[in-house]
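Subject: Structure handover

Hello,

Here is the structure for you to look through. My notes on what was found in it follow below.

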Amino acid sequence: MAEKSVYSVCGMCPVRCPIEVLVENGTCRFIQGNPHVEGIRGAICTRGAAAAALVADDERPQFPMLRQGERGQGRWQRLGWDEALDLAAQKLDALRRSDGPASIVWADAGGPFSDFRQALVRGLESPHYYGADALHGANFTHACRSLLGLDPQRLVFDFAHASHVVLQSRNLLENVDVAQANALLDGLARGGRLTVIDVRATVTAAKADRFWCIRPGTDYALNLAIIHVLLAEKRYDQAFANAWIDDLDALTAAVAPYTPQFAEDETGIAAADIVALANDLAQAAPKVVWHTGVMTGRWSDSAAVCRSALVITALLGGLGAKGGLALSAAPETISRKGLKKLTDLFPPVAAPRAGRDGLKNGGQVDGAGLLHLALAAAMAKTDPYPLKALVAFGHDILGDLPDPARLKQLISGLEFMVCVTSTWSETAWWADLVLPLSTHLERCGIVAQREGVTPAFFMRQACTQPRYDTRADWQIVAGLAQRLGLKPLTFKSIEEIWNYQLDGTGVRPADFESRGFVQLTGRPHYAKLGDPGTVPGTASGKIAASLDPYAQRPRPPAGMFWLTVGGCGVHSGGATVNNVLLNRQMPENVLWINDAVASQMGIADGQVVTVANAAARVAIKAKLSADIHPDAVFMVRGFGRNLPVESRAMGKGGADTVLMSGGLEKFDCRGGGLAFQEHFVSVSAAGTDR
Ligand SMILES: Nc1nc2c(c(=O)[nH]1)N[C@H]1C(S)=C(S)[C@@H](COP(=O)(O)OP(=O)(O)OC[C@H]3O[C@@H](n4cnc5c(=O)[nH]c(N)nc54)[C@H](O)[C@@H]3O)O[C@H]1N2
Ligand SMILES: Nc1nc2c(c(=O)[nH]1)N[C@H]1C(S)=C(S)[C@@H](COP(=O)(O)OP(=O)(O)OC[C@H]3O[C@@H](n4cnc5c(=O)[nH]c(N)nc54)[C@H](O)[C@@H]3O)O[C@H]1N2
Ligand code: SF4
Ligand SMILES: [Mo]
């Protein structure tokens, strides 16, 4: 029996962990984490392990398809690849000429493999490349840039060596990042302490030494009070703070009103407990990690929450400390050269992106940008640009942005929409052209760089041949580039791309064969704040630790709740709800609701309820729990699918996004991230009217 082992990269969620795949006679038989990667040690999560079921699934797009009939009707004509790419290139080219390059918006999966796609959009001279990473990361990115003048990739949550970890709206043991989850468990095994702050008790909370169920959306008040205590009781690292914090007196004055008692009234957490946590952290300093979640697009003050967490870390001397918020080695510090960027094949696009209105600063519109603002601008016509074509490349915009009804209106007015995807989604269903992407196990990828204290290059290798008439992302991009006359991008093979990227780095494609990655340092390199590459890029060259005042959060009106959302251990949003194995584990989502409140409303556990706002209603089973805050209900995202091509997911559970009416215009005006949770919903016991 022909057997081989292939090192590659998981694609079942945006984390992209290194994996090893055992292939027998061309079929993926066993998937585990890459045992050679120190933080992984063979571990994988449920979803990563279920990837073979994605390859085997015939309920995914199998060949290029052109829409017949109305959008969303699901009538398709099969095309060949040449025909499909000719059509896409011809449409994009025609619109670029008639309406200008800015008429093309490219909504991308983002992440470490996006350089080639981004290069294509640059080549087209459109300013409208957007990465899905902004959906979760915009507010944290803003916090890092505005406070430290550093990009978030420079920061490493060093869970493994921390003495005290605070996870605030971070459910790490369910919403897994395999390396980080391993590191957290290692740290706890070494005697580290864990505090979890969430609106409900999660699996992560079950591991905690201290769990606080906080009133939804009041985290900023809590964090301000922690800073208040550290400063008032002089429990901070004075040498570090004096050297690095821009204006400590101003900071002290800014947090003066936010006493522990103030925070108790806002958050529901006892003042004495808040003081106790501040003291515990001071005791553990500088080995403290305070993490405010990967998905930071929750509230209109989420960027302030992220900034305040960085301030706490700085006051404890944890910035640039082993066991704290460590700083990753910049290539300069370790005398290595980074990858040659494909985007550099074209000059940056000078035209501005749309949708800056209402943002208090322009910073975060760089990089991944803010797709929701650009789309909202196109709809509101306040910042008009001629949006005519939309490419959704590995980004399910109708599943993952608020208010799909509103987005469908926008899509209806488009001249051309392409969806490149390996699974069905409403976005694909509404497109003019579906270009089926080979699954991550069936395709090679460009070389990517992982930051951290041991930075590395890694690559995705195809483990098996595509089962259907699908293509790799680089093939689709190169195919479009060739037809659009973008010569620098017309690579003929993935090896040609690898050689271009690795030019001058001293690394060859063959170096990846034995372990799947190439480490750039021999051992972990902890940079210090102020080292080359980690000098604060702020105006003062120090930490700009100013903090906005706290805006008091309203309580939900009687009978209503904050709609809180998130992930779960066995699904990656809508991309996995139809996966045979994962669907069996969890076929539908439920509505978490406080048991005392629900009982008063006459709602029983397991009963179907109606969750509603003024514009939409969703039928879903109630899960009564003592462990969720009475002001909140919670739903796992990705469910409520209604596509006949997904027999297993169809009609199961409810979609949180439809309850976020007007949500595209609700965002944090500093960080720019969406405020996914600034929505009240009612819950009623009646309700089977789906
Ligand atoms: N299994 C699994 N793992 C994943 C993913 C997945 O879909 N499934 N997705 C990956 C991706 S893309 C991301 S971004 C990360 C996301 O990882 P996390 O950031 O950990 O994600 P969430 O589940 O969105 O939210 C974490 C917690 O925030 C809580 N919360 C909600 N509102 C508040 C509040 O006001 N205050 C506080 N303190 N807590 C609140 C929720 O109850 C939830 O438990 O996970 C990654 N890993
Ligand atoms: N209501 C609500 N909305 C949310 C969130 C929430 O908690 N609640 N969370 C937000 C977060 S944290 C994120 S990251 C975004 C995610 O938003 P998206 O980036 O849109 O992620 P997915 O829903 O996983 O959809 C990815 C789509 O790309 C296709 N695809 C193609 N190639 C790949 C691949 O290699 N890997 C993967 N995973 N997919 C591929 C999949 O088939 C799927 O159709 O959604 C955000 N939206
Ligand atoms: S966390 Fe799980 S699904 Fe996500 S990339 Fe890692 S192994 Fe894959
Ligand atoms: Mo995310």
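Strand β22 (residues 608-612) pairs with β23 in the antiparallel sense, over five bridges. Helices (H or I, at least four residues) and strands (E, at least two) are DSSP runs, numbered from the N terminus, and two strands pair if DSSP finds at least two bridges between them. Within this pairing, threonine 610 stands opposite alanine 619 in β23.

Before going on, some conventions. This is a predicted model, in which local features need pLDDT of at least 70 and side-chain atom pairs count only at pLDDT 80 or more, while totals for chains, interfaces and linings use all residues. Residues are numbered from 1 along each chain as its sequence is written, chains are lettered from A and ligands numbered from 1 in the order in which they are written, and side-chain values use heavy atoms, with hydrogens and water left out.

**Two open sheets**

One open sheet has seven strands in the order β5-β4-β16-β15-β14-β6-β7, with mixed pairing. Its edge strands, each pairing on one side only, are β5 (75-78) and β7 (129-131). Neighbouring strands of this sheet are turned by 20° against each other on average, direction ignored. Axes here are lines fitted to C-alpha atoms, for helices over the stretch in contact, and angles run from 0 to 180 degrees between N-to-C directions.

Inside the seven-stranded sheet, strand β6 (residues 104-108) and strand β14 (residues 389-393) pair in the parallel sense over five bridges. Aspartate 108 stands opposite phenylalanine 393 in β14. Helix α3 (residues 81-99) lies across β4 (65-68), β6, β14, β15 (416-421) and β16 (433-436), and runs at about 130° to β16.

Another open sheet has three strands in the order β17-β18-β19, with antiparallel pairing. The edge strands are β17 (447-450) and β19 (517-519), each of which pairs on one side only. Strand β18 (residues 456-459) pairs with β17 in the antiparallel sense over four bridges. Glutamine 449 has phenylalanine 457 in β18 as its bridge partner.

**Helix α8 and two partners**

The axes of helix α8 (residues 219-232) and helix α13 (residues 302-315) come within 9 Å and cross at roughly 20°. The two helices are therefore roughly parallel to each other; angles under 35 degrees count as roughly parallel, over 145 as roughly antiparallel, 65 to 115 as roughly perpendicular and the rest as oblique. α8 passes α13 in a left-handed crossing, that is, with the near helix turned anticlockwise from the far one by less than a right angle (clockwise would be right-handed). On the α8 side the contact includes Tyr220, Ile226 and Leu230, and on the α13 side Ala304, Val311 and Leu315. By class, the contact of α8 with α13 has eleven nonpolar, two polar and one charged residues. Ala, Val, Leu, Ile, Met, Phe, Trp, Tyr, Cys and Pro count as nonpolar, Asp, Glu, Lys and Arg as charged, and the others, Gly among them, as polar.

α8 also packs with helix α10 (residues 248-255), at an angle of about 125° and with the axes 9 Å apart. This pair is therefore oblique, and its crossing is left-handed. Leu224, Ile227, His228 and Leu231 in α8 meet Leu248, Leu251, Thr252 and Val255 in α10. Those residues divide into six nonpolar, two polar and no charged.

Around ligand 3 are Cys10, Met12, Cys13, Val15, Arg16, Cys17, Ile44, Cys45, Arg47, Gly48 and Val176, where a residue is near a molecule if one of its heavy atoms lies within 4 Å of it. The shell has eight nonpolar, one polar and two charged residues.

Arginine 16 is found in the loop between β1 (3-9) and β2 (18-24), and its phi is near 60°, a positive value in a residue other than glycine. The peptide bond from alanine 285 to proline 286 is cis, with omega near 0°. Proline 286 lies in the loop between α12 (271-284) and β12 (288-291). Most residues other than glycine have a negative phi, and most peptide bonds are trans.

Regards

Definitions and conventions: Contact = heavy atoms within 4.5 Å.
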